[in-house]
Amino acid sequence: MKSVRILQIGDVHFPDAHLETLGDLKDAAYPAKVIDKMRLTPLTCVVRALEAEMEKSVNALLFCGDITSFGDVAGYRACLAYLSDILRLKKWNRRKVHAVPGNHDVERGKTDAPGTDLFAKFAEFKRAWEDVNLPILTVDAARITDLIVSKTVRAKLLSLNSSVGCGEKRHLPSDIQSQLADLLDAYVSTVGLSKAFEVVGEKLDSPGFLQTDIERVCAELDALDETVMAVVLSHHNILPQARLRVQIYTEVMNAGMIRSRLSRMNRPVLYCHGHIHDNPVELVQQIPLSTARLICVVAPELSRGFNVLQIDYGHRGYPLGCRLYQHQLQLRDGAVTRSEIRIPFYTPDQLAVRRLGHPRLPLVLSRLPDHDIRFDDIVEAVGSSGPPISAAQVSEVLLEGEWLGFVELSNRDFAAQEWIIRKVVR
């Protein structure tokens, strides 16, 4: 099957992540130079695995935001320089790279108190991307580009800024406004902006999407051909998070709206994000069930891993499913392990087989017995009952049948001759 492979990079929080060490360092008197030769840095361990993944074919890069911490412009630039060497960013076609700001990628000193300029606080971060020859950071409007791998393998990349409301100043009560403002300014001058942010900064964040962005993205998806995969990128999740969070805000202000709109599209949509420092995969469907399927995929912090999304396309050009490869750091020993999650885009039904599947899929399904069968045997059975079909075509048909929910394949990761095929009765 033909595929498109997308690398999803979550929160980096540079330079903080660069300073973290794996180890139980209790003896402060032990020579630091010796320890430096032994210690493991989580970010370095993951980046080593990231470099290995980049040696394979990767068609697009998604950066989910929070490149730095506490609006540190210098840290943001240092991170882009660090990642530019690893990912060779300057050589990438800008249509294939998308990046969004996170709530930490806000220069709070540039927040406009009256709220008339919502985007000045992102200006320096946008300029940092321009300086690596990628003027791509999504700030004041949704960014939409085409990802074309071949005539039959196409995707649409759509990124939205969910951090528009982050860093905005809440209106202080007018009767004590000046006194409170003086107290906050004095506190910042005493402990510094980063320390002050730890105390009051998060309470001034209210993430949300521009309504114009929601409308534009939904209009784009409404008009999009069904053979083109829709991949949406933002920083914040649009589902309630499982972990207790006690804050003035807990969710994106209009998350429910965009979640509802995307989950009612008559097509599968991948929504990629960061922010929650975890890596669940969540499926949203409206009742009654339809062909619409919204899949929310979160990337962990880069110091804990990254995702590769491989979208598989069938013979007719329809995206049938996604193989999500989660690369996760093992804190015990610094190894980065890979696990696979398979995400089918369509619920099994005979109409999907005829509309989406390979023209020979109904024939192959009709020749499958009610018991397990080896690959060579099904090739022989199909070949003896119709027009000639090669073993390579049979394997492609079976892979499509698996995505559509009518076939189970054992030993799928081996050569097709090792497969054991089982028909799923519907």
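Which residues in H3 meet Tyr82, Ile86 and Leu87 in H4? In this predicted model, where local features need pLDDT of at least 70, side-chain atom pairs count only at pLDDT 80 or more, and totals for chains, interfaces and linings use all residues, the partners on the H3 side are Leu43, Val47, Leu50, Glu51 and Met54. Residues are numbered from 1 along each chain as its sequence is written, and side-chain values use heavy atoms, with hydrogens and water left out. Contact here means heavy atoms within 4.5 Å. Helices (H or I, at least four residues) and strands (E, at least two) are DSSP runs, numbered from the N terminus.

A pair of packed helices is described by the angle between the two axes and by the distance between them. Axes are lines fitted to C-alpha atoms, for helices over the stretch in contact, and angles run from 0 to 180 degrees between N-to-C directions. For H3 and H4, the axes come within 10 Å and cross at roughly 35°. Sorted by class, their contact holds seven nonpolar, no polar and one charged residues. In this sorting, Ala, Val, Leu, Ile, Met, Phe, Trp, Tyr, Cys and Pro count as nonpolar, Asp, Glu, Lys and Arg as charged, and the others, Gly among them, as polar.

Helix H4 (residues 73–87) also packs with helix H5 (residues 123–130), at an angle of about 20° and with the axes 10 Å apart. H4 and H5 are therefore roughly parallel to each other; angles under 35 degrees count as roughly parallel, over 145 as roughly antiparallel, 65 to 115 as roughly perpendicular and the rest as oblique. The crossing of H4 and H5 is right-handed, a label used if the near helix is turned clockwise from the far one by less than a right angle, with left-handed used if the turn is anticlockwise. H4 brings Val73, Tyr76, Arg77 and Leu80 to the contact, while H5 brings Glu124, Phe125, Arg127, Ala128 and Trp129. The residues of this H4 and H5 contact divide into six nonpolar, no polar and three charged.

Attention now turns to the sheets. Two strands pair if DSSP finds at least two bridges between them. Six strands make up an open sheet with mixed pairing, in the order E3-E2-E1-E10-E11-E12. At its edges are strand E3 (97–99) and strand E12 (336–344), each pairing on one side only. Neighbouring strands in this sheet are turned by 20° against each other on average, direction ignored. Strand E11 (residues 319–329) runs antiparallel to E12, and nine bridges join the two.

Four bridges join E14 to the antiparallel strand E15 (residues 420–423), and valine 407 stands opposite lysine 423 in E15.

Glutamate 402 has its place in H13. Is this residue buried or exposed? With 13% relative accessibility, glutamate 402 counts as buried (buried means under 20% relative accessible area, exposed over 50%, partly exposed in between, with a 1.4 Å probe and protein chains only). Leaving aside residues up to four places away in sequence, glutamate 402 touches Arg342, Val407, Leu409 and Arg412.

Strands E4 (residues 143–150) and E5 (residues 153–159) pair in the antiparallel sense over seven bridges. Together E4 and E5 form a hairpin with two residues between them, and the bridge partner of isoleucine 148 in E5 is arginine 154.

Some loop residues deserve a look too. A cis peptide bond, with omega about 5°, joins phenylalanine 14 and proline 15, and proline 15 lies in the loop between E1 and helix H1 (16–19). Asparagine 133, in the loop between H5 and E4, has a positive phi of about 70° although it is not a glycine. At 45% relative accessibility, asparagine 133 counts as partly exposed.
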